[in-house]
Amino acid sequence: MLGLTIEAVRPLDAAAMKQARELQARLTKPAGSLGELEELSVRLAGLTAVCPPPLLDAARLAIFAGDHGVHAQGVTPWPQEVTAQMVANFLAGGAAVNAFARQTGVAVTVVDVGVAADLPPADGLVPAKVRAGTRDMTVEPAMTRAEASAALEVGIQTAYAMIDGGARVLLTGDMGIGNTTASAALISAFTGRDPGVVTGYGTGIDAPTHLRKVEVIRQALALHGPTWGGEPATDPVAVLAAVGGLEHAGLAGFILGAASRRVPVILDGVIAAAAALTAVALAPSCRDAMIAGHQSVEPGASVALSQLELNPLLDLGLRLGEGTGAVLAYPIVAGAVRVLHEMATFDSAGVASKDEHQQ
């Protein structure tokens, strides 16, 4: 399915974008006065190949959860058991992302793609475990190529199921203790930037742990880099398998699935940005489906978004993950589309335009 999904990703529709720009010019406002939201609405018209694009009134968040073998290297003080505990918290509705989702009307689903624990069945949980956590990337590849491919397929299937169920916009979420380490490794591999530049403090580690984290990433990249052809990486699945996480693979597939169906996907923070780099390496045009929800304080997120040429909608100093930034950005994205549907034109409102005044 991965190959077919990649083949289905197409560039933006130029005719729909032209219609959207012409419509923006006729709306009762000074040209450009809605700033980046105007260009966002144009891009969404191009993505969906219709103007105005469909209202984004059915939003679904998928939180991909997985554990990381690199946790054994002391890159975080948080115990690995917190991953499964937080999944339970999501399913009970008690996390920050649940509160934001209730406020914004976003439906939440948790996808167990690689939690290192047996999770009991629950409403809102998709059991799709590829393996119980990755291996330690400083010793061996985090995943086999087959495992990385399987996790990509989980993400694609999740996107298709949500879209077939009526979703008009997808949002990325994640959970996995140690996943900022894997994210920094992926971002370094895909951008060629030094680990010291892209590695942040994650869940609030101290300076010595941060130095350890950077060294662990350098060690992993030195071990595996020759197998995928150097910097920046040229074999996306090999990179993903070597230093990524199961949730990164799931998210990358989720993005590809959305893009192949011409549905926008709102990215959360650094984990989603690392997955987005993976997805773009597999299918460059899938970048057109992505919307950067917010500017994470993790330095790797800035590097990744710059590489992707995406401008984040919000800058609130967030570094929680879970999908919180994506959920908070959703009403803004939905509003950008609604303007094209509901805002009056100068003609329909009987308002004189600047051009008419100058005649």
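**A short walk through a predicted structure**

Hi everyone. Let's begin with Val139, which sits in the loop between β3 (125-127) and α6 (145-164). Before we go further, please keep in mind that this is a predicted model. Is Val139 buried or exposed? Val139 counts as exposed, because its relative accessibility is 58%.

Next, a pair of rings. How many aromatic pairs does the structure hold? The count is one. The partners are Phe64 and Phe254, arranged edge-to-face, with 5.4 Å from centre to centre and 65° between the planes. Phe64 belongs to strand β1 (residues 59-66) and Phe254 to helix α11 (residues 246-260), so this pair ties together parts that are 190 residues apart in sequence. Phe64 is buried, at a relative accessible area of 0%. Phe254 is buried as well, also with a value of 0%.

While we are talking about rings, find Tyr160. Arg261 lies over the face of Tyr160, 4.2 Å from the ring centre.

Now for some helices. Two packed helices are described by the angle between their axes and the distance between the axes. In our example, α7 (residues 179-191) packs with α13 (residues 299-308) at an angle of about 35°, and the axes are 10 Å apart. Their crossing is left-handed. Which residues meet there? From α7 we have Ile187, Phe190 and Thr191, and from α13 we have Gly300, Ala301, Val303, Ala304 and Gln307. Sorted by class, this contact has five nonpolar residues, three polar ones and no charged ones.

Let's stay with α13 for a moment. Its buried residues are Gly300, Ala301, Val303, Ala304, Leu305 and Leu308. Here is a handy thing to remember: an α-helix has 3.6 residues a turn, so residues three or four places apart point the same way. And what covers the buried residues of α13? The cover includes α7, along with α8 (195-198), α12 (270-282) and β6 (290-292).

That brings us to some backbone details. Most residues other than glycine have a negative phi, and most peptide bonds are trans. Just after α13 comes Glu309, with a positive phi of about 60°. Glu309 lies in the loop between α13 and α14, and it counts as exposed because its relative accessibility is 61%. Glu322 is found in the loop between α13 and α14 too. Glu322 is not a glycine, but its phi is positive, at about 70°. Is Glu322 buried or exposed? Glu322 is buried, with a relative accessible area of 5%.

And the peptide bonds? Going from Cys51 to Pro52, the bond is cis, with omega near -5°. You will find Pro52 in the loop between α3 (36-48) and β1.

One last stop: Thr345. Thr345 is in the loop between α14 (324-342) and α15 (346-349). Why does Thr345 count as buried? Its relative accessibility is 16%, and buried means under 20%. Leaving aside residues up to four places away in sequence, Thr345 touches Leu23, Arg26, Leu27 and Thr28.

Key
Residues numbered from 1 in each chain as written. Predicted model: local features only at pLDDT ≥ 70, side-chain atom pairs only at ≥ 80, totals over all residues. Heavy atoms only, no water. Helix = DSSP H or I, 4+ residues; strand = E, 2+ residues; numbered from the N terminus. Buried < 20%, exposed > 50% of the residue type's maximum accessible area, 1.4 Å probe, protein only. Contact = heavy atoms within 4.5 Å. Phe/Tyr/Trp six-rings, centres within 6.5 Å; stacked < 30°, edge-to-face > 60°. Lys NZ or Arg CZ within 6 Å of the ring centre and 35° of its normal. Axes fitted to C-alpha atoms, helices over the stretch in contact; angles between N-to-C directions. Left-handed = near helix turned anticlockwise from the far one by under 90°. Nonpolar A, V, L, I, M, F, W, Y, C, P; charged D, E, K, R; others polar.
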